[in-house]
Amino acid sequence: MPIQWYPGHMTGARRAIVESIGAHDVVLEVLDARLPRSSANPIVGDLRTDKPRIRLLNKGDLADPDVTAAWVRHYDRTVQADPGNGQPPGRAVTLVLGHDRPGEAKRRIPALCKELALHPSGPGKTVRAMIVGIPNVGKSTLINALMDRKVAKVGDEPAVTRSQQRVVLANGMMLTDNPGMMWPKIENEAAGFRLAFAGAIPDSAIDYEAVALWGAAFLLARYPALVTARFKLPAPPPTAAALLEEIARRRGGLRRRGALDLHKAADVLIHDFRTGSLGRISLESP
Ligand code: G4P
């Protein structure tokens, strides 16, 4: 399922980041904790230059905690083994954020930014941080958490923020928010499915049932107990298609003359994954 979703404003967003990154001290790269590798925009990797980076694994409350811990260890090891990687030693830090850790962003991020900023931060020196990440990963939510009040629009449709915005925190730190950026073509098919299943790409740009089938196959392979518990099944169905059929039967997905409504079943599965109703699930491991 090749995905090509690259709205026009994302080209402008990329240009704005390139032009303004030099004026920032730290990059806050927001990743989806359920799919940290697939949600890391390769374009952002190219843009990072030598700026210190805080990698934020957001939506940690939805991800499998053991897998998230493995990702943090993986990133910490990567930084130690290859501090080059565009980063001076000790200048890339990974934090886990989520609705189950209220206050964590506010408690940790401003202090870390100050610590990592390359210039000496004396009185009157403002730390400038730039937030980057794919659509729907939680950038606006992060800004609101750091501001303690609602300034950024939060929405469930990818690409809610369309232009660069700047806000100043109570401690004087300046934050630049960017529209969520995707890349022109997602080459890796599995990464495309992960992004679509997690909601980073608008549902109108994907083959919904194909995404649900991919998700069903993944869940049966990796989290069968969560699937049987959620849908009250005596045993995991043998195939992804059989799982969608079971969901259709159990969740009112019967059409006239008894035909199964597989679109409705796809909707149920995708929704239950995205909201965490299925349990805490990670779509990839390091
Ligand atoms: P963006 O700016 O990167 O596009 O993302 P945004 O903050 O708008 O967040 C997209 C959706 O993800 C929102 O859901 C938001 O609440 C949710 N979200 C953000 N961070 C987290 C997190 O750490 N955990 C969980 N579980 N969800 C998170 P929504 O349903 O569109 O909005 P709302 O009804 O929650 O306001």
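Is W214 buried or exposed, and what is its relative accessible area? In this predicted model, W214 is buried, with a relative accessible area of 18%. That value falls under the 20% cut-off for a buried residue.

**Aromatic pairs**

- Searching the whole structure turns up 6 aromatic pairs.
- One of them joins F197 and W214 in an edge-to-face arrangement, with 6.0 Å centre to centre and 70 degrees between the planes.
- Because F197 belongs to helix α6 (residues 189-198) and W214 to helix α7 (residues 208-222), this pair ties together parts that are 17 residues apart in sequence.
- F197 is buried as well, at a relative accessible area of 0%.
- F218 and Y223 make a tilted pair, with 6.3 Å centre to centre and 45 degrees between the planes.
- Both partners are buried: F218 has a relative accessible area of 12%, and Y223 has 10% relative accessibility.

**The aromatic cluster**

- Ring pairs connect F193, F197, W214, F218, Y223 and F273 into a cluster.

**A buried aspartate**

- D25 sits in the loop between α1 (9-20) and β1 (26-32).
- With 7% relative accessibility, D25 counts as buried.
- A polar atom of the D25 side chain lies 2.7 Å from the backbone nitrogen of R128.

**An arginine over a ring**

- R55 lies over the face of Y75, 3.9 Å from the ring centre.

Definitions and conventions:
Residues numbered from 1 in each chain as written. Predicted model: local features only at pLDDT ≥ 70, side-chain atom pairs only at ≥ 80, totals over all residues. Heavy atoms only, no water. Helix = DSSP H or I, 4+ residues; strand = E, 2+ residues; numbered from the N terminus. Buried < 20%, exposed > 50% of the residue type's maximum accessible area, 1.4 Å probe, protein only. Polar contact = N/O pair within 3.5 Å; in protein donor to acceptor, adjacent residues only side chain to side chain. Phe/Tyr/Trp six-rings, centres within 6.5 Å; stacked < 30°, edge-to-face > 60°. Lys NZ or Arg CZ within 6 Å of the ring centre and 35° of its normal.
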